[in-house]
Amino acid sequence: MPTSLLSRRWSLVQSRAPRSIGSADQSRRWSAALAVGGGLLTTLSFPDVGLWPGAPLGVGLLYLALRRDSARWNALLGLSWGLVVYLPLLWWAYTSVGIVPWIALSVVVAAFQAATGALWTWWRRACGARADRWVGPVAFATLWVAAEQLLTVWPFGGFPWGRLAFSQTGSPLLPLAWLGGAPLVTGVVVAVGALLVEAGLALCHHARRAAALAAAVAVVPVAAGCAVPLDTAPERGTLRVGVVQGNVPGQGLDAFGRRWQVLENHVAGTQALLDQVSPGDLDLVLWPENGSDVDPQADPTAAETIDDAARAVDAPLLVGTVQYPASGGRYNTSVVWQPGVGVVDQYSKQHPAPFGEYVPLRSLVRPFSSAVDLVSQDMLAGTEPGVVRVDVPRLGRSVTVGVVICFEVAYDDLVAGAATHGGEVLVVQTNNASFGWTAESTQQLAMTRLRAVEHGRATVQVSTVGVSAVVTPDGRVVERTDLFTADQMVATLPLRTSTTPATWLGPWPGRAAAFTTLAAVVVVAASALWRRTRYRSQTDRTTDEPSEGGATVHLDERSPTL
């Protein structure tokens, strides 16, 4: 075969092989440093530090690190980034249940970022490097949102604690939650970070116009967030509430060993509200999750104690308590206690926390951590949406209060369910006593702030030990408490019934990202299979043709693979 013909055929084979998508001189050491540095920056964006620019910058560094054409290496980079973020972010799990569950939880969550790194590599192989500057940031953001959405449902019902949206409650991007909820905020954070990287790369290649355009596009979402109209005015009157943070004796897993003392603390806190208001001035008094770990519907003494507190302030109480059905198990329940009447409405937690409130695979997990036996009775899941109704004579009607309990605030569908079933205000009842002085409570407050904006509702987070806070519909914290102190707050909340775009869209922004990613995975896999088949066919034809001297030419049998 003539040398020129052989050269042309070899060029054809190379053109169908995967192209390098990163700079040729980007070493593995350098990309690893970028991933770790990006993880550190992202960690700083979450409470208690709360440097929100760290999230887009940190994700941008990971985007830059993933430019090598190796799915395995990029998966390792994604895992490294995830561990650097989640190990410190979830430190509260160590204080609560120990080192093995803390590390296991962090690794599971970080594995989703490892999968993101691998999928991103395959997508870029299929699409080529030329599309990266404009299509790449959007595709990377879509892939990231899809990974977060999967994490909200799997494994064991999901664990969406470290979503990037929850790092942006002090950011100009927070109002975007009103438009598209947490998926939109996360997607914009990732896209902004990637666009800033593309702007920097264009500038390094002296493409000043492209750099300026990419930087300008990155600024657009920030400007859009500032322009989103967030209404905070009452639409159906106001609700005057008292918030009771009773505190507990001790900390950690033993904090609720004296359950009667906890109940008495919250009774005392309710009576202390009378230092700020007169009996009958309040429409509702809010207690936290586990405000009474004695079921007042089963224990007459607890019922009498709670009723005395309700009579003292002359207002119904929203009490976090427990129920033990005769069939076994237990419910984490919030009840509306009417003075002189008792329970008139209730809500049971729909999403108990795996390994915290119930233990899946108990026999398999026990050899790794005896802490599973601390959960001696698995919690059952409620089946009704998170709303209760409270009679408010001052308004001449009943008010629908949306209720979520503790970790439920992290799940889009549960909070949305409370809003779509008529919740005019939102209440997040939580118990943070097991997590000590960690940032768990303030991380939860960040989620509460995002939910207030997402659904346009005044929201109250009420905790046994703090942080309790009152949040306006535009996400501002107007009053809050400190950790491990007994405290009370009085607030007037606007009652709102209008539907935000995010509430109307419901789960579809996240689903759209998931469906798009799934379609992209199918296309990429089909493309890789097609290229592999064409490559082998071309190689077979070439190797079967003898050269001028009668010898057979053998080419390197590299083929595009996933």
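1. A word on terms before we start: two strands pair if DSSP finds at least two bridges between them. Helices (H or I, at least four residues) and strands (E, at least two) are DSSP runs, numbered from the N terminus. With that in hand, take strand 1 and strand 2, which run parallel and are joined by three bridges.

2. Please keep in mind that this is a predicted model, where local features need pLDDT of at least 70 and side-chain atom pairs count only at pLDDT 80 or more, while totals for chains, interfaces and linings use all residues. Residues are numbered from 1 along each chain as its sequence is written, and side-chain values use heavy atoms, with hydrogens and water left out.

3. Now the overall picture. The chain has 16 helices and 12 strands. Of its 562 residues, 55% count as buried; buried means under 20% relative accessible area, exposed over 50%, and partly exposed in between (1.4 Å probe, protein chains only). Among contacts (heavy atoms within 4.5 Å) with a separation of 6 or more, 70% come from residues 24 or more positions apart.

4. Back to strand 1, residues 238–245. Six of its eight residues are buried, so strand 1 is largely enclosed by the rest of the structure.

5. Next, have a look at the open sheet of six strands, in the order 6-7-8-9-10-11 and with mixed pairing. Which strands stand at its edges? They are strand 6 (387–392) and strand 11 (477–480), each with a single partner strand, so one side of each is left without a neighbour in the sheet. On average, neighbouring strands of this sheet are turned by 25 degrees against each other, direction ignored.

6. Within that sheet, strand 7 (residues 397–405) pairs with strand 8 (residues 425–430) in the parallel sense, over five bridges. Gly-402 stands opposite Leu-426 in strand 8.

7. Helix 14 (residues 440–455) lies across strand 8, strand 9 (459–463), strand 10 (469–471) and strand 11, and runs at about 160 degrees to strand 9. Axes here are lines fitted to C-alpha atoms, for helices over the stretch in contact, and angles run from 0 to 180 degrees between N-to-C directions.

8. Two packed helices are described by the angle between their axes and the distance between the axes. For helix 8 (residues 177–204) and helix 9 (residues 208–227), the angle is about 165 degrees and the axes are 8 Å apart. Helix 8 and helix 9 are therefore roughly antiparallel to each other, the term for angles over 145 degrees.

9. What side chains meet there? In helix 8, the residues in contact include Val-188, Val-192, Leu-195 and Glu-198; in helix 9, they include Arg-208, Ala-214, Val-217 and Pro-221. By class, this contact has 14 nonpolar, no polar and two charged residues. Ala, Val, Leu, Ile, Met, Phe, Trp, Tyr, Cys and Pro count as nonpolar, Asp, Glu, Lys and Arg as charged, and the others, Gly among them, as polar.

10. Some backbone details are worth checking on the model. Most residues other than glycine have a negative phi, and most peptide bonds are trans. The bond from Trp-154 to Pro-155 is cis, with omega near 0 degrees, and Pro-155 lies in the loop between helix 7 (135–151) and helix 8. Phe-156 is in the loop between helix 7 and helix 8, with phi near 55 degrees, a positive value; Phe-156 is partly exposed, at 34% relative accessible area.

11. The bond from Gly-466 to Val-467 is also cis, with omega near 5 degrees, and Val-467 is found in the loop between strand 9 and strand 10. Asp-314, in the loop between helix 11 and strand 3 (317–323), has a positive phi near 55 degrees and counts as partly exposed at 46% relative accessibility.

Notes
Parallel < 35°, antiparallel > 145°, perpendicular 65-115°, else oblique.
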